[in-house]
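Let us walk through this model together, from its charged pairs to its ligand and then to a few loops.

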Amino acid sequence: MRIDVLTIFPEYLAPLDLSLVGKARTAGLLDLRVHDLRRWATDRHRTVDDTPLGGGAGMVMRPDVWGEALDEVLGLGDGGEPGRGPDHEPDHEPSGVELLVPTPSGERFTQRTAERLAGVPRLAFACGRYEGIDARVAEHYRGRGVRVTELSLGDYVLNGGEVAALVVVEAVARLLPGVVGNPESLVEESHGVAGLLEYPVYTRPPVWRGHEAPEVLLSGHHARIARWRRDRALERTVQRRPDLAAALDPATLDRHDREI
Ligand SMILES: NC(=S)c1ccno1
């Protein structure tokens, strides 16, 4: 998989050199490239923003700078000809890339989204700052046949898209074959197959500062342990995420029970 990240703060993405994602890059499982958007700015101050049309506070990121940057990074032809409005035919089939734009006004990013994105050959992140990116940028690339997904991590506002890009890259990269040492560990995670939150986990010592680990986990009885874990996961889901509990598919739950 190739991932490109366009940002005015490339150093924000430095954590992607570390840990699992860093190892995946070194192993050639992930080709991740970070680009400084100011490279495509045209004036000596390398300006990337301007005042909002219609007035209002803050600044908006300029479409011309984003257009030059995305044309180059996405490997698309010159999309700048006059009259190439949203109704023209895409100039060619983009190379299987999906453009992701982190924004509080985007669709909710979930584990299902991460699973879908892990199957996309190329991702590109447009990390906005200020009040956001001129809306015509997303419109323009949709018109050129690029899938553009505006994503939100949650109902809160960050200062820019970089932190969200870090989160999405990690959530997606860890699903790529070979990145996580034991693929089994991906199965019983929160928001996994049955849509349940993960059960509580324990390790040695069996008693720690007077707190005993659940006895069943020391029993060696795998069926009982599996049942205990499932029950705790269901309990947690109902207590902490009634929204997820309400959406649980009884058939999946039954199947899960039968497999225990
Ligand atoms: N909630 C998200 S993803 C966001 C991006 C920028 N600000 O908030």
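The paragraphs below take up the salt bridges, the ligand site and some backbone details in turn.

A word on conventions comes before the tour. This is a predicted model, in which local features need pLDDT of at least 70 and side-chain atom pairs count only at pLDDT 80 or more, while totals for chains, interfaces and linings use all residues. Residues are numbered from 1 along each chain as its sequence is written, and side-chain values use heavy atoms, with hydrogens and water left out.

Let us begin with the charged pairs. The structure holds 16 salt bridges (a salt bridge being a side-chain nitrogen of Lys or Arg within 4 Å of a carboxyl oxygen of Asp or Glu). One of them pairs arginine 144 with aspartate 71, and their closest N and O atoms are 2.7 Å apart. These partners come from distant parts of the chain, 73 residues apart: arginine 144 is in the loop between helix H4 (136–143) and strand S7 (147–152), and aspartate 71 is in helix H2 (residues 63–74). Helices (H or I, at least four residues) and strands (E, at least two) are DSSP runs, numbered from the N terminus.

Are the two partners buried or exposed? Arginine 144 counts as buried because its relative accessibility is 0%, and aspartate 71 also counts as buried, at 10%. The cut-offs are these: buried means under 20% relative accessible area, exposed over 50%, and partly exposed in between, with a 1.4 Å probe and protein chains only.

Now turn to glutamate 98. This residue forms a salt bridge with arginine 116, with 2.7 Å between the closest N and O atoms. The pair links distant parts of the chain, since glutamate 98 belongs to strand S5 (residues 97–108) and arginine 116 to helix H3 (residues 111–117), 18 residues apart. Glutamate 98 is buried, with a relative accessible area of 2%, whereas arginine 116 is partly exposed at 28%.

Glutamate 98 also meets the side chain of arginine 147 in a salt bridge, at 3.6 Å from N to O. Arginine 147 lies in strand S7 and glutamate 98 in strand S5, so this pair ties together parts that are 49 residues apart in sequence. Arginine 147 counts as partly exposed because its relative accessibility is 47%. Elsewhere, salt bridges that share partners join Arg2, Asp4 and Arg122 into one network.

Strands S5 and S7 lead us on to the ligand. Each of them supplies at least two residues of the shell around the ligand, and S5 gives the largest share, three residues. Which residues make up that shell? They are Pro102, Thr103, Pro104, Leu151, Ser152, Leu153, Gly154, Tyr156, Val157, Leu158, Gly160 and Ala164, where a residue is included if one of its heavy atoms lies within 4 Å of the molecule.

A ligand nitrogen is 3.0 Å from a polar backbone atom of tyrosine 156. For leucine 158, a polar backbone atom is likewise 3.0 Å from a nitrogen of the ligand. Glycine 154 has a polar backbone atom 3.3 Å from a ligand nitrogen. The protein covers 96% of the 260 Å² of accessible area that the ligand has on its own (areas come from the Shrake-Rupley method with a 1.4 Å probe; for residues, only the protein chains shown count as cover).

We finish with the loops. Glycine 181 is in the loop between helix H5 (162–173) and strand S8 (207–208), and this glycine is exposed, with a relative accessible area of 75%. The C-alpha atoms of glycine 181 and leucine 20 are separated by 9.3 Å, although the two are 161 residues apart along the chain. Proline 205 also lies in the loop between H5 and S8, and a cis peptide bond joins arginine 204 to proline 205, with omega about 5°.

Two further loop residues deserve a look at their phi angles. Arginine 46 is not a glycine, yet has a positive phi of about 55°; arginine 46 lies in the loop between strand S2 (31–36) and strand S3 (49–50) and counts as partly exposed at 39% relative accessibility. Tyrosine 130 has a positive phi near 60°, lies in the loop between strand S6 (122–126) and H4, and counts as partly exposed at 36%.

Note on methods: A polar contact is a pair of N or O atoms within 3.5 Å; within protein, one must be able to donate a hydrogen and the other to accept it, and residues adjacent in sequence count only if both atoms are side-chain atoms.
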